[in-house]
Protein chains: 2
Amino acid sequence: MLKKKSKIKKKSELGIAAEKDEFSEWYTQAIIKADLVDYSPVSGCMIFKPFGYKIWEIIKQETDKKFKNIGIKNVYFPLFIPESLLKKETTHLKGFSPEVAWVTEAGNTKLQERLAIRPTSEAIMYASYSKWIRSWRDLPLKYNQWNNVVRWEFKHPIPFLRTREFLWNEGHTVFATKKEALKEEKQILEIYNDILRDYMAIAGFISKKTESEKFAGAEFTKAIECLLPNGRVVQGPDFHHDSQIFSKAFNIQFLNKQGKKEYAWQNTWAITTRIIGIMLAIHGDNKGLIIPPKVAPIQIVIIPIFKTQDKPKVLKKAKELKNKLNKFRILLDEREDYTPGYKFHDWEMKGIPIRIEIGPKDIEKNQVIIVRRDKGEKETVKIKNIDNKIPKILDDIQKNLLKISESMLKKGTTTAKNMLELIKAIKNKKLVISEWCGNKKCEDWIKTKIKGAKIIGINEQDKAKGKCVYCGENSQYVVYIAKSY
Amino acid sequence: MLKKKSKIKKKSELGIAAEKDEFSEWYTQAIIKADLVDYSPVSGCMIFKPFGYKIWEIIKQETDKKFKNIGIKNVYFPLFIPESLLKKETTHLKGFSPEVAWVTEAGNTKLQERLAIRPTSEAIMYASYSKWIRSWRDLPLKYNQWNNVVRWEFKHPIPFLRTREFLWNEGHTVFATKKEALKEEKQILEIYNDILRDYMAIAGFISKKTESEKFAGAEFTKAIECLLPNGRVVQGPDFHHDSQIFSKAFNIQFLNKQGKKEYAWQNTWAITTRIIGIMLAIHGDNKGLIIPPKVAPIQIVIIPIFKTQDKPKVLKKAKELKNKLNKFRILLDEREDYTPGYKFHDWEMKGIPIRIEIGPKDIEKNQVIIVRRDKGEKETVKIKNIDNKIPKILDDIQKNLLKISESMLKKGTTTAKNMLELIKAIKNKKLVISEWCGNKKCEDWIKTKIKGAKIIGINEQDKAKGKCVYCGENSQYVVYIAKSY
C-alpha cells in the first residue's frame, strides 16, 4: 500500500536529518507501480516506459510550439565535445568537469583527444556560432535543441529527479545588445511558467541564484523553483544570462551597423525531464499518482462492468462511447480476467484524471458514472450530455490541481528572522523566507549549520529591510532557504 | 557554380575507380550552400542547422503518426550499454564492436566496466524486455524510440550519408509467434515506403540482404535501397526479423496460453537521417537543391519587387498575401540590401518549391507571378485564385519529383548475364540486375573484381531462371548489384 500524505506529517516530527523519509519511498514506489519508468542496467540511468515518455512528448510538443511562436529555431549539434573546446571557458569547465563522462576509445583505437559526452552544449555550439555570426544582420540568432545530456552524478539516483542521463531542451540565443538579451528573460520564463502552471499544474516561485549557486559561466541564473511535499526544493526550468562571458571565450564577434567589431550577448535556458518528477511528487496521494489532464497520456479510461450474459451489449456501448469521445486521449480497458475493482485500483494508481464506469443498468438509463481521480467524486451523467460534460470536468480537475499546488506552496512557506527560527522552520520541512547580508561566509555557514539546506535563491520582488538571518547585520536580500535535492 | 547532371555524364567516361566524382562535389557544396548542415569540430559528426533539422522534424512527425496508428509506443532507453550486455549476442557484438565509442572515465574516476555509446539498442532494451515479458498477455510488445546513435566510421564522412553520430528511429517489437512477427514486415516496410514515396518523392526498391550483408544478429534483413545519380546505391530504411536469436541470448521468454515457456519472436526496424541525404542527392540540379513540398521547411517564398517609392505598397500587399497563404509553410523575404535576383538565386539554391514574385505592376493587375523550382516554369496567377492554385502546384511538384525519381531508377537500371556485361554496366554507373548461384565465394569474387561494388541484395519478386553472373552455374537468386556507399 502506498502512503504519502498521512505519514509525512509523522515523519516530519522525527527531525530534519532523515534522508530517506516516507515521501521518498512513496515517490519511487508510486512511479514504478504506475509503470512510468524502470531502472536500467546502467547505474544512475533510467528507462522511460511508454506511459512516462508520453508525458515528456506532450510537454516537449507544447513547449516547442511556444518557442516557435517567438521565433526560436531547432537545431542539432553533436553529442561529443572535444576536451580542448570544453576548456575554453574556465569557470564553465570547472563547473562541469567533475561530472563529465569521457569517451577515450573507438573500436580498437585510442582517441588522440578525449571527447566529453555533452553535459550541456555551450562549448560545441559556440565554436560554430563564432564562425556563423559575422554582422549585425546575423543577429539575433535564436537556436534551441531537444536532446539528451549526461552528468555523471555520484549521489543516489532518483527517477526523473536525479539521473545521470536526462532529456531536456537547451536554448542558446545571441543578441547584439545586452538590453535585447535581457528582454528575452521575461519571454522565456513566461513560457516555462505557463507550461508549469497551465499544463502541469505546478505553482513554483522564481528565484535568482546567488553567485555560488549560479550556472557555471553565467552572469546570473534565474530558475522556477518548486517545493515538494517533503519540504525540499527542486530547481525547475531555468534561464541564464551569459553576458559576454562565452562570446569572449569563444570569440563570437559581429560587425555592428557602424562597421565596428563587438562581442555578442548571450542567454541559455532549459527545461528537463526532472520537471515530470516534480509534478508527480506534488500531485500524488495514497492511492498513487494524479496526473494533470493536459499532460496525461490517457485522460479518460472507460471500465465496462458486466456479467457474462451482458458482455456484448456493454462492450458495444463502451466502444460507442469511446468513439464519441475520441478527441480526448481515451482508453477502453477491455482486459479479460481482471475485475472492475482491480481496474479501478490500477488506473487510480496511474493517476488517470477521469474514470467512466458503464454497466447494463447504466445502459438502460442512457447514463454512465464518472469518477474524478483528484477528488474521488462520483457523478451520474446522461450519455447525451457527455460531450459537454467531459471538457468541463477535465478543466476543473486541471484548475483544482493548480490550486492544490498553490496552497501547498503557501502552507509550506514560512519566515525566519534568526537562526533559531530558521532551524525550527527547516525541521518542520518548510520553505523559509529570510533575509541575508549578501556575504558568502553567511551563506556557507547556513549550509554548515543545517545539513542539506541552503539559500535557494534571491526573491527579487521583495525589498530587504531587516537583518541577515545568520550574522544579524543589515540585510541586502530577501532570500529563500530550504533543503534541496 | 554548382554542377550536377551536366558533368556527371562526362565523369562516368573516366571509369568506375574515381571515388570523388563531380557528383560528390556537387552534393557537399549544394548542402552546405543551402545552409542545411555544417561540419563540426568533432571529426565525422555534423551539425544540423535549422533548415536541415526541420526536414528531419517533418519526417519524424509523419512517420511517428503512422507508427502510432499501428499501435507502436515510444520509449526512451539509456545512451549507455555496459560492455557485458553488448557481449550477450556474439554475432551482434562482432558486427558492431569495430565501430563502438567507449566511455571509460567519468569525472576523475575510471569506470569499472566500459560503457558503449549505443550503436543500436538491442542489448540495453532486451535486458529489460526479459524482465517485463512474463506471459502471452504481455505480447505483442511494440516499442520504438527516436534517438541519437554513434557508429565510429573510419571512412571519409559525408553529410547525412555517412556520419559518426546520426539520428533515427529504432523499433523493437516482440511477438508470441513467428507468423505474427512476419506480418509486421509488410506494415513497417509499407510505412517507410509511403514516407519515401509520398513525402520525400523517392522511388526505391526493396531487397533482401544476403547472409553476409544482413544485420548483425538478424535472421534476415530487408531494406529499401535507393539509387543515387552517381550510380551508387544507398541503403534506406530497413526491417530485420530477428527470429529467436536475441530472445535466446537475452532470455526473453513468456508463458503461452497452455502455461508453457517459449522464447519470443522479434523484429527491429529503422529510418535514419541518411534518408535526407538520399532525397537531396536525387532531386537537386545545377542550381542547387530541390526539396519535395511535403517535407520542405519552407514551401513558398514571396519575393517583393519594388523601387523605393513603391516599397510600402508592395510590402503591404506581400504581407496580405502571406497571411492569405499562412496554412502553408511560407516566408516573405523582406531582407534589405539584397536584389530580387540575388534572392531568386538564394532560394533556388535552397530548393524551395514555389517562388511568388510580386511587384507594382502585378498589384495593379491583381496578380502575382508563380515560379516552380522543379521545372522553372513561370505562371501569372490572379490573386483571387491563388488559394486554389497553390495546393495544385505543390501537389503537381510533389508528383513530378516522384516521377523523376522513378524514371531515374528505371533509366539507371540494366541487366548483366556475365562478368563482362556486369563490369561494363557498373562502369556506366548502373544498378544491375543479375543472377547469382547463392555461393558466398561468388559474392566475394564480385567484390574483389569490381572495387566498391557488391550484391546489394536479393530481388524476391523475380524468379531466377538463368546462370550465376560470376560462375555461370545455375542461379538461385535474382540480385541487385551496384556500387554502394
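## Exercises on a two-chain model

B:R197 has a relative accessible area of 27%, so the residue is partly exposed (buried is under 20%, exposed over 50%, partly exposed in between, with a 1.4 Å probe and protein chains only). This is a predicted model: local features need pLDDT of at least 70, side-chain atom pairs need pLDDT 80 or more, totals for chains, interfaces and linings use all residues, and side-chain values use heavy atoms without hydrogens or water. Residues are numbered from 1 along each chain as its sequence is written, while chains are lettered from A and ligands numbered from 1 in the order written.

**Exercise 1. Find the partner of B:R197 in a salt bridge, and say which parts the pair ties together.**

Step 1. The partner is B:E406, at 2.5 Å from N to O (a salt bridge is a side-chain nitrogen of Lys or Arg within 4 Å of a carboxyl oxygen of Asp or Glu).
Step 2. B:E406 lies in helix 13 (residues 386-411) of chain B, and B:R197 in helix 7 (residues 178-199) of chain B, so the pair ties together parts 209 residues apart in sequence. Helices (H or I, at least four residues) and strands (E, at least two) are DSSP runs, numbered from the N terminus.
Step 3. B:E406 has a relative accessible area of 31%, so this residue is partly exposed.

**Exercise 2. Work out how chain A and chain B are related.**

Step 1. Superpose chain A on chain B: a rotation of 180 degrees does it, with 0.0 Å of shift along the axis and an RMSD of 0.0 Å.
Step 2. Look for the axis at A:V103: in chain A, its C-alpha is the nearest, 2.1 Å away.
Step 3. Compare the interfaces: 100% of the interface residues of chain A are also interface residues in chain B, so the copies meet through the same surface (contact means heavy atoms within 4.5 Å).

**Exercise 3. Classify two aromatic pairs, A:F67 with A:Y192 and B:Y338 with B:Y342.**

Step 1. The search finds 48 aromatic pairs over all chains (Phe, Tyr and Trp rings, six-membered for Trp, with centres within 6.5 Å; planes under 30 degrees apart are stacked, over 60 edge-to-face, the rest tilted).
Step 2. A:F67 and A:Y192 have ring centres 6.1 Å apart and planes at 80 degrees, so the pair is edge-to-face.
Step 3. A:F67 is in helix 3 (residues 50-69) of chain A and A:Y192 in helix 7 (residues 178-199) of chain A, so parts 125 residues apart in sequence are tied together. Both residues are buried.
Step 4. B:Y338 and B:Y342 are stacked, at 4.7 Å centre to centre and 25 degrees between planes.
Step 5. B:Y338 is partly exposed at 31% relative accessibility, and B:Y342 is partly exposed at 38%.
Step 6. Finish with one aromatic cluster: A:F77, A:Y126, A:Y129, A:W132, A:Y143, A:F246 and A:F250.

Note on methods:
Copies are superposed by least squares on the C-alpha atoms of residues with pLDDT of at least 70 in both.
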